[in-house]
Each structure stands twice: as structure tokens, then as C-alpha cells.
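Here are my notes on this entry, point by point. Please read them with the structure open.

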Amino acid sequence: MFCYALEKGINFFDTAELYRNYDHFRAFFQQIDRQNVFWASKCYAYDRETAKRSLALALDGAGTDYLDFFMLHEQESEHTLRGHAQAIDYFMEMKAQGAIRHFGISTHFVAGAIAAAQDERIEAVHPIINLKGIGIADGTRQDMEAAIRQLRQSGKFIYSMKALGGGHLLNQYPQALEYALKLDVDAIAIGMQSSEEVDHNLAAFQGQIDPEPVQKQRQLVIDDWCIGCGRCAERCQQKAITIRHGKAVVSPERCVLCSYCVEACPEFCIKVI
Ligand code: SF4
Ligand code: SF4
């Protein structure tokens, strides 16, 4: 999939430690000239030790000696940035040594985007934004648009997240993509699972938007062996999980398929398929 996408002109690839797919990037990088792609990943490091571990995991896992972008995942505001100060200091040191080309954050929060606009250490921002504002945790689509304008004015690299609202906008695919393409951002992250989806999205990016999406509707599945501990519900910013009769139950209309709950589960019973 990666090789096919690169061949077709996609040269920006986004992942996260959470997704546990660094070995896929290793296989990809072995087959291409690494300098031809921009590679972004994110982690939840909060102090020096966890930052060191996350960076080593990414570089060793993917078999490369640098990340184009290394981001702190799910930053909410200036306060969470302050709470991650040690990790940021470490990443700044590693940036000076060339292991990280650009440091950034991903965020579902307007306050996170605004904090990033005001922070000189942050060069890249991955904010959630889509036609209906689905998944924005602390405001409206318009609030996030205003924050994105601030990011633009402060010279940040911006790549948008969840253009299709975690699948909720598949029934408005042309409008959702048109909206995403009109935003003043530098790149758009869209999950794709087949070469057909690559072709389809590339055609759309070139102005030929097919009204019918080829993306399959994805869903969150919770296996039977759930013990009802509730950690996934605590982790979900969308309040999409409740515990009923000792088991976790997801509300598909609230879930944006961000996968954040997956890692919270000690029993490994949550999957996005
Ligand atoms: S994937 Fe999990 S954390 Fe994300 S919105 Fe859905 S239930 Fe919540
Ligand atoms: S974290 Fe896992 S085991 Fe705990 S309630 Fe959620 S799905 Fe069930």
C-alpha cells in the first residue's frame, strides 16, 4: 500500500506509536529512497525517559535515523504542553542532533491548536477538522477554523485530521472532501486501506470527486472477553463508551474511530476494523 501510494504521488505518511506499525514502515523504507518521503509519528511521552524510549522505538522500529515530524499525541492546551516539558526538552535536543527534523503536536482541542500557535518550539500541528466539526472536543468547527488561521499566521506546518469524521461523513463524501481541500492547510491525513482508495482519493484531490466513496465504513469492535473495567470509557474524549451490565458498549454515532481507547484496554479487546 505504501509503495503504491508513493508511486502515485503521495509522499507524506502519518502514523503513531499507538498504531504499532513501525515494522511496516521498516519494510517500506527498505524498498525506497527514504529521502523521498516525509514520515510523521506521534507518542505519549511526558518525561525524559519516556521521550527517549518513544524516539528509540520509532527509529529502531522503522530502521531509519530520522523522523521528519515527531509529535506529542493528543495535546489539549498550554497546560498539557507544560506537563510534557521534559519530553519536549528532550525532543529539542534530538532535533539539534538531526534525529527529529520538526517537532509538533496532534490535537482534538481548539485550545491545543491555539497553544501550539503561540509556542515557538512547535513547528507542525495535526488538528482535527472536518465539515461538521465531528470530534472537536472543546468547540465548534468555526472555533477550530479560527485556531487554524492562527496556526497559519504563526507559520506552522498544518496537516488536518479526520477529514471524513472517522467515517461519519462518508454519506457526504464530496462535500466533506471539498471542505477539507479548501482549508488552508499543508497536507491532509486520510486513512486508506486499498489501492482503489488511493486512486479514488487522488482523483478527488485533483478535482474529480466521485460522489460515491470507496472507503468502507469502519467500526469499533469490543470482544466478548471485556471485563468491564471502564478504562476505555475514561480514555474516550467523545464519551462514546459506556459500561452496561459489566461490559463496554460503544455508541457508533459518537465514536470517531480515533483508536485512543484501544491502548487503554488491558485485555486487548478493542479493535477498529
Ligand atoms: S475510537 Fe475509542 S476513544 Fe476514539 S472515539 Fe471511538 S470509542 Fe472513543
Ligand atoms: S478497557 Fe477493555 S476490558 Fe476494560 S471495559 Fe474497556 S473494553 Fe472492557
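How do the residues of the shell around ligand 2 divide into nonpolar, polar and charged?

1. Shell of ligand 2. The model is a predicted one. The shell around ligand 2 splits into 11 nonpolar residues, two polar and two charged. In total, 15 residues surround this ligand. C226, C229, C232, A248 and C265 are the closest of them. Note that Cys is counted as nonpolar in this scheme.

2. Shell of ligand 1. Here 14 residues lie around the ligand. Those that come nearest are C236, A240, C255, C258 and C261. By class, the shell around ligand 1 holds 11 nonpolar residues, two polar and one charged.

3. Strand β9 covers residues 241–244 and strand β10 covers residues 247–250. The two pair in the antiparallel sense, over four bridges. T242 has V249 of β10 as its bridge partner. Together β9 and β10 form a hairpin, with two residues between them. One point to check by eye is the turn: H245 there has a positive phi of about 50°.

4. Domains. The domain assignment of the protein chain gives domain 1 as 2–205 and domain 2 as 220–272. Their C-alpha centres lie 23 Å apart. Domain 1 brings 10 residues to the contact, and domain 2 brings nine. On the side of domain 1 that touches domain 2, three residues are nonpolar, five are polar and two are charged.

5. Sheet. Seven strands make an open sheet. Their order is β1-β2-β3-β4-β5-β6-β7, and the pairing is parallel. At the edges are β1 (12–14) and β7 (187–188), each pairing on one side only.

6. Inside the sheet. Strand β3 (residues 67–72) runs parallel to strand β4 (residues 100–107), and five bridges join them. Within this pair, L67 stands opposite I100 of β4. Helix α5 (residues 85–96) packs on the sheet and touches both β3 and β4. The direction of α5 makes about 150° with that of β4.

7. Helix pair. Two packed helices are described by the angle between their axes and the distance between the axes. Helix α2 (residues 22–31) packs with helix α3 (residues 48–62) at an angle of about 40°. Their axes are 7 Å apart. Why is α2 called oblique to α3? Angles under 35 degrees count as roughly parallel and 65 to 115 as roughly perpendicular, so the angle of about 40° makes α2 oblique to α3.

8. Who makes that contact? From α2 come Y22, D23, F25, R26 and F29. From α3 come L57, A58, G61 and A62. The residues of this contact of α2 with α3 divide into six nonpolar, one polar and two charged.

Definitions and conventions: Residues numbered from 1 in each chain as written. Chains lettered and ligands numbered in written order. Predicted model: local features only at pLDDT ≥ 70, side-chain atom pairs only at ≥ 80, totals over all residues. Near = placed C-beta within 6 Å. Pairing = 2+ DSSP bridges. Contact = placed C-beta atoms within 7 Å. Axes fitted to C-alpha atoms, helices over the stretch in contact; angles between N-to-C directions. Domains from an automatic or database assignment. Parallel < 35°, antiparallel > 145°, perpendicular 65-115°, else oblique.
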